[in-house]
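Subject: Structure handover

Hello,

I am handing over the structure we discussed, with sequence. Please look it over before reading my notes.

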Amino acid sequence: MTEPLNPTGQPQLHILEPQIPSSSTTASDQRAQRSSRRAFLFKLSLLLNGAVGVVLAVPILGYLFGPAFRRDATYKNWVSLGPIANFPEGQTRLADFRNPYTTDADGATSNIPCWVRHIAGHQFQVFAINCAHLGCPVRWFPQSNLFMCPCHGGVYYADGSRASGPPERGLFEYQYTVVNNDLLIFAGQMPTLSNHACVEKPLIQIEPALPAHADTQPFAKTDPRADA
Amino acid sequence: MSRLKQSAIGIYAWFERRLGLEKPLLEAAAHPTPPRSASWWYVFGSGATVLFMLQIVTGILLALVYTPSAAEAWSSLQFLDHQITLGWFLRAIHGWGSDFMVAIVLIHMAQVFLFGAYKYPRELTWILGVFLLLFTLGMAFTGQVLRFDQDAYWGLGIGASIVSRVPFIGGPLVHFMLGGPILGGQTLSRFFALHVFIIPGMLLGFVALHVWMVLHLGVSEWPMPGRIVSKATYDREYHELTSKDGVPFVPDAAWKDAVFAAAILLAVMACALFFGPFGPSGQPDPTIIQTAPKPDFFFLWIYAVLAYLPPELETPFLFIAPVVVIGAMLLLPLVAGEGEKHWSRRPVAMLMVSVIAVALGVFTHLGTFTPWSPIMDAWSGAPTPVACLQGRSPLERQGALVLQNKQCRNCHALGGAGGLRGPALDSIAARMTEDQMIRQVLQGGGNMPAYGNALSPAQTRALVAFLMTLRGNNLSPAVDGSHVLSQSEATPPSSQSPSGSTPSTQ
């Protein structure tokens with residue numbers, strides 16, 4: 001740095017003074033110094049520390065990014081939402097379950113709510129609580145047969161298909177099955193657009209007539225591309 | 001007495017001989033400052049630093065009690081607020097200190113921009129400052145997460161939903177952010193580490209470099225119209241300015257910094273005392289879904305911007321806009337490192353600051369009352385105004401009941417009460433004909449869901465009959481232009497003569 005640049009006069013120059021003699025050595029001396037044994041050992045020590053750093057980085061990065069590279073399937077499991085008698089036919093009810101992957105530190109946060117729509121017999125739809133837009137909790141209004149989101153006004157019909165607002169798809173659905181009159185769902189991770197592929201659905205869905213043998217077990221109605 | 005003094009000097013000399021700090025500190029304190037820069041406009045940087053120190057001290061004190069576990073964080077804040085002596089006050093100071101710090105950092109940045117102080121040779125000081133702004137916002141956001149209430153829980157859910165939209169690596173990124181498959185204990189631990197170790201550590205390092213560069217390069221001189229910054233001449237000009245009539249930083253400029261620091265600390269304490277701590281709101285229990293999550297004050301504008309974007313633009317905007325904005329801020333001093341410093345010669349700069357300030361203000365204001373969010377309990381909480389029911393037929397009153405029971409009020413206001421997501425219905429019949437209403441109700445469209453499946457024909461008839469009575473201050477009802485045209489073609493021209501319309505005009 002040139003002197004005028006320094007607003008305080010020249011205090012830094014005084015500090016730097018002890019190092020100045022080294023710069024006054026001749027070019028050949030410097031070359032000799034660079035190729036000396038000590039300089040070589042110093043470079044070798046740098047190389048050694050670089051190698052140790054790389055080795056050290058493996059456990060650090062593995063620890064840090066562990067959750068990112070774990071496969072989704074290892075988090076998920078079948079969990080019970082209770083007997084199907086709790087879900088009257090033709091109604092949509094709020095249920096909750098303890099997330100299968102959890103620790104004590106999770107506290108109440110691993111009690112995950114979901115909406116259960118009992119269509120008929122053993123035919124259900126189990127919707128995630130999270131709006132497909134930005135994850136806010138949707139609420140069911142039986143009077144108008146709509147799910148509404150309090151955040152940006154996403155609205156879904158009773159079958160979870162998108163009705164209006166910013167969501168680009170219908171509600172996320174869990175895979176389900178009925179075992180011994182218990183409703184089980186395949187759950188374990190927060191549903192987002194990244195783990196539930198966007199399936200193009202028409203804005204207004206006309207429900208197909210219920211198949212005669214709707215209670216075939218296990219019956220799973222879900223996105224074909226979900227949980228891929 | 002003199003012996004005591006002698007021994008004190010002796011002890012000082014012992015330390016000074018070993019530390020050697022006297023000379024550099026004295027020189028730093030007395031470094032010459034351009035005379036006009038010893039100004040009240042130059043106090044915001046030191047103000048932000050003082051607030052940062054306050055945040056460190058109060059943050060450490062809060063960490064004595066706070067439990068960074070998703071199971072216990074919320075109750076530890078209750079304990080802190082109600083059981084620990086002055087715990088609420090410390091929380092309030094930390095919360096208000098955070099708001100003040102973001103505000104002062106933004107003001108500091110606007111002042112540096114308008115004074116052209118980012119130009120040569122202070123480009124790197126500005127670039128580090130941009131990172132300091134980002135770290136400060138990062139502290140504000142992670143601090144809001146540590147409050148770990150309902151808003152924090154669902155706010156993190158929104159964050160995860162945004163991250164999930166990153167192409168290709170969205171899924172792993174969500175798990176990396178949450179520390180697991182769901183929002184829970186490991187999520188809070190991660191944000192605790194960010195808020196308490198990682199970001200403050202980087203802030204300390206960057207603040208130290210930022211302040212060092214201010215000392216090393218000197219305080220930027222007061223801008224004068226026509227005094228052009230040029231790399232070839234600036235160093236000489238600045239040296240002349242400071243060596244000829246520069247004033248020592250301490251005390252000529254420092255007393256203003258000190259007064260401002262005291263004022264800002266008092267203001268934080270006053271706000272803490274009068275308004276108290278922020279939250280926590282409800283428990284972070286996802287099964288309690290009766291909630292409308294909302295971010296803290298300084299992020300309301302982002303909430304508003306997202307709400308007004310067309311849905312198909314959201315994802316590109318979310319990932320491109322921050323890169324462009326931060327990139328522009330970082331590149332600014334490299335692109336415009338020379339030239340005029342004075343604001344009166346930089347109209348584009350003035351315009352930018354004004355537009356950004358107004359935009360942030362408007363979006364923040366919108367974010368405070370969220371006109372895009374349905375009011376989830378308006379249908380049961382906001383009664384139909386009496387004026388809308390007086391003198392109505394039974395069918396119309398039945399329609400008013402349908403309007404309430406089908407949650408229409410959650411999005412549509414009547415008599416000033418109800419949601420603002422859809423248009424207010426007070427004068428709907430003056431804007432829409434009966435046919436248009438039926439179509440809109442049954443098929444939806446715009447931002448409205450179709451009610452065809454939720455309304456019986458009788459309910460639809462009653463609802464539309466009621467809506468047809470809503471004409472505000474007796475406005476004339478909406479008329480289908482094609483009907484008028486077809487009727488006028490069908491009727492003989494005599495009925496269209498001026499005499500026919502005179503009774504209504506007189």
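Below are the conventions, followed by what was found.

This is a predicted model, in which local features need pLDDT of at least 70 and side-chain atom pairs count only at pLDDT 80 or more, while totals for chains, interfaces and linings use all residues. Residues are numbered from 1 along each chain as its sequence is written, and chains are lettered from A and ligands numbered from 1 in the order in which they are written.

Chain A has four helices and ten strands (DSSP runs numbered from the N terminus: helices are H or I, at least four residues; strands are E, at least two). Along the sequence the pattern is α-α-α-α-β-β-β-β-β-β-β-β-β-β. Of the 228 residues in chain A, 33% are buried (20 or more other C-beta atoms within 10 Å of the residue's own, with C-beta atoms placed from the backbone).

Chain B is assigned domain 1 (32–369) and domain 2 (378–487); the bounds come from an automatic or database domain assignment. The centres of these two domains of chain B, taken over C-alpha atoms, are 46 Å apart.

In helix H12 (residues 300–308) of chain B, the buried residues are B:Tyr303, B:Ala304, B:Leu306 and B:Ala307. They lie on the same side of H12(B), because they cover an arc of only 165 degrees around the axis (the arc of the directions from the helix axis to the C-beta atoms). Helix H13 (311–335) and helix H14 (347–369) of chain B are among what covers them.

Regards

Methods: Buried ≥ 20, exposed ≤ 12 C-beta atoms within 10 Å, placed from the backbone. Contact = placed C-beta atoms within 7 Å.
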